[in-house]
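Open the model in your viewer and keep the selection panel at hand. The tour goes stop by stop: select, look, move on.

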Amino acid sequence: MALLETKDITKSYGDHHVLKGIDFTIEPGEVVAVIGPSGGGKSTFLRCLNLLETPTSGHVVFDGEDLLAPKVDLDRLRSRMGMVFQQFNLFPNMTALKNVMLPQMDVLKVSKKDAEARSMELLEKVNMTHRAHVYPNRLSGGQKQRIAIARAVAMNPKVMLFDEPTSALDPEVVHDVLDVMAGLAADGMTMVVVTHEMGFARKVADRVVFIDGGKIAADLPPEEFFAESNTNPRIRSFLEKVL
Amino acid sequence: MKNRFPRFGWAATTAALLAALLGLAAPAAQAETTPATPSAGKMADLRSGKSTLKVGTDASFPPFEFTDANGTKIGFDIDVVRELAAKSGIKNVEFVQMPFGNIVPALQANQIDVGASAIYISPERAKVVDFSEIYYPGGLGMFVSTSNDTVKTLADLAGKKVAVQVGTKSVEWLRQNQPQAELVQVQTNDQMFSSVKLGQADAVVTGQPGGRYFIHEQGGLKQVGDRLTNENYGFAFQKSDSDIREAFNTALKGMRDSGDFTKASSKWFGDESSTATGPTKERGIFNLSSITNSWGPLMQGLGTTLQIIALSLALSLLFGMLGGFAKLSHIRPIRWIGKVYVSVVRGTPFIVQLFFIYFGLPQLGIQLSPMVAGILALGLYSGSYVTEIVRGAIQSVDKGQMEAARSCGMSSASALRHVIIPQAFLRMLPPLGNEFVSLTKNSALVSFVTISELFLVGQTIISRTFDALTVYVFIGLVYYVLTNIIGLAANAIEKKMAVYI
């Protein structure tokens, strides 16, 4: 059974139709790279997966539960879907360590001691133990994003959603973050990654989903997607611009 | 609808609403409804000492009622009322300070039992309150500066500035009998005389005994012409308190028969026949003695002021938080309540709200003590500004913060508590500091509902010493220090909290 599935979701702001019917599934352990031109609806699609945006119509089914059902416990379901943002969205009023600890303690009711131990473990994984007691304003973008990833992983999510995680970073630190993400993928994490990093899509992703004009225009394994034989004119013109 | 963060679920909003009701219920619980019990029960309670006779007076009208250097109310009315109450078997008497113009409304609102403040018996007043027998014959007199030789009769007041005290009989009498006089209406008794001495008015028309007392104490003025009216002072009672009034009348007759009344009269007015225009007393511009002699009452007033500020500040924060969250609620009626609160409270003068709460609500059966009314009014007023500060600060927190918290599975209440409010609070500090400076200054206005805070203590000192300059400079300084402490505190807290900026 698919871990996460959308059935014909649309999203409109007034007369502006951003998503025009998207059917999508992801199986446990899969890594899907979502690419496509700006304004094509990639981020809106991703934000519909954990209902940061409410689809205008359609269904989002996660782990067998319809997120749009009237009495669904959205907080509980969201706690099992990690999200990483382009702008990191670390809580500036707490240290790196506290950022990772807070959701565990607040949502999972983990004791302070256990949350701290688990958080230090994760900071170790993202090479940030030396910055554990620093407030985010003292961290570089790459460091912030690694902590944001640790914060999401700390919840033991079944799937992680990445919304252009490297777009706001200086080029020289992009690979630090991509390395962490590749490590997660290698550990078997299910991931949906909206990205402009074609290298990541090619090497790490199991599938590449190309969203253009509010629709999925292609959903292929990377070797097929990036192959010379893929003659879809929209994809060709997009790839020419980004590669 | 576009996602609008932060959103508050039913649970958070209901909790906020509940807290609001509790907040409103707390003062309401202290409120007593206007007693429907007959006056007979009241008299029995007064005689047994179960309740206290509340006597409203404006202690700025020597020698009838004023305060000594220790802040104790003294004067002819005070002595006579104490004696009459004792003779009527009433155990406890409490004098409540209020501006003269508020005494009759306070009787109607059941805030006080007796008005004793050199009140003329007039048909208008007699419609809403009952009067005792005449206890002192008075009448309006005309007073001018000793150097003034042009005003000798009522006719001479045409085109002249005449100082009168707001809410006193002089106002209406002059309008009818000398409409060409230009009235200068001042709040307190001493301001009338000061305005003539300072050249702000040409003459004073006021009760003759008060004018003579001023001349006796301070000099610089003289009485001209004959008594303008031949009128009489009475004590005022609530219409329903006929037995208290009867008891006072009987006691008054007893005092006259025994000669006690004459004793009291000569103690305060001296020899009735003397019309001396005393010498002008020499003194410097600043008289530290005006402050030092009244240090105790001033510090007591400061204590009351601090208490009012602290409590109304807490209330203001509470109302501001509730109002701010109400305005951000995604439940329309609650948002609407927040909007109405801010628009009504910010759109009307504070003094109107204060008088509405203290004098208006008793007509709806909600009677609040002066302190509760004053603190509630200040808290409500300031809270409307804090509402906007809270709303603005919460909305200014990046919406990615709420998204990040919610996407971890945190509830909106948790996100608010741990993530949004701490960040918003830091942004609130500078405008909150400003608002609490305003609140501190506005606290002087609650003197109008008879709270003996710093400003009112100052006024009563002036009514005795006639030294407005020194006293107002001193009081201004005290407020200046207070507001600066608040400003510095806000800065210090901000600095301490801003470690992550």
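Buried means under 20% relative accessible area, exposed over 50%, and partly exposed in between, with a 1.4 Å probe and protein chains only. This is a predicted model: local features need pLDDT of at least 70, side-chain atom pairs count only at pLDDT 80 or more, and totals for chains, interfaces and linings use all residues. Residues are numbered from 1 along each chain as its sequence is written, chains are lettered from A and ligands numbered from 1 in the order in which they are written, and side-chain values use heavy atoms, with hydrogens and water left out.

**Stop 1: helix α3 of chain A**

Select α3(A), residues 96–107. Helices (H or I, at least four residues) and strands (E, at least two) are DSSP runs, numbered from the N terminus. Nine of the 12 residues in α3(A) are buried. Colour them: A96(A), L97(A), N99(A), V100(A), M101(A), L102(A), P103(A), Q104(A) and D106(A). What do the buried residues of α3(A) pack against? Show α4 (112–125) and α5 (141–153) of chain A, plus α17 of chain B. Then step just past α3(A) to K109(A), which has a positive phi of about 60 degrees.

**Stop 2: the interface of chains A and B**

Now select the residues in contact (heavy atoms within 4.5 Å) across the two chains. Chain A brings 24 residues and chain B brings 22 residues. Together the chains bury about 2000 Å², 55% of it on carbon and sulfur atoms. Buried area here is the accessible area (1.4 Å probe) that two parts lose on being put together, summed over both.

Next, zoom to R47(A) and E403(B). Their side chains form a salt bridge, 2.5 Å from N to O. The rule, a side-chain nitrogen of Lys or Arg within 4 Å of a carboxyl oxygen of Asp or Glu, finds two salt bridges across this interface.

Stay on the side of chain A that touches chain B. Its elements giving two or more residues are α2 (74–78), β6 (81–84) and α3 (96–107) of chain A. The largest share, four residues, comes from α3(A). By type, this side has 13 nonpolar, five polar and six charged residues. Ala, Val, Leu, Ile, Met, Phe, Trp, Tyr, Cys and Pro count as nonpolar, Asp, Glu, Lys and Arg as charged, and the others, Gly among them, as polar.

**Stop 3: the nonpolar cores**

A nonpolar core is a set of buried Ala, Val, Leu, Ile, Met, Phe, Trp, Tyr and Cys residues joined through side-chain atoms within 4.5 Å. The largest has 70 residues, and F45(A) and V192(A) touch the most other members. Helix α17 (residues 412–442) of chain B gives this core its largest share, 10 residues. Apart from it lies another core, of 52 residues, including L178(A), M181(A), L184(A) and I235(A).

Centre on F45(A). Beyond four places in sequence, F45(A) contacts T6(A), I9(A), L19(A), I22(A), F24(A), V34(A) and I211(A).

**Stop 4: chain B**

Chain B has 19 helices and 13 strands. Of its 501 residues, 53% are buried.

Select helix α14 (residues 350–360) of chain B. Its buried residues are F350(B), Q353(B), L354(B), I357(B), Y358(B) and F359(B). Their cover includes α4 (103–108), α13 (332–346), α15 (370–396) and α17 of chain B.

Finish at T483(B), in helix α19 (residues 468–497) of chain B. Is T483(B) buried or exposed? T483(B) is buried, because its relative accessible area is 11%. Leaving out residues up to four places away in sequence, T483(B) touches V437(B), T440(B) and K441(B).
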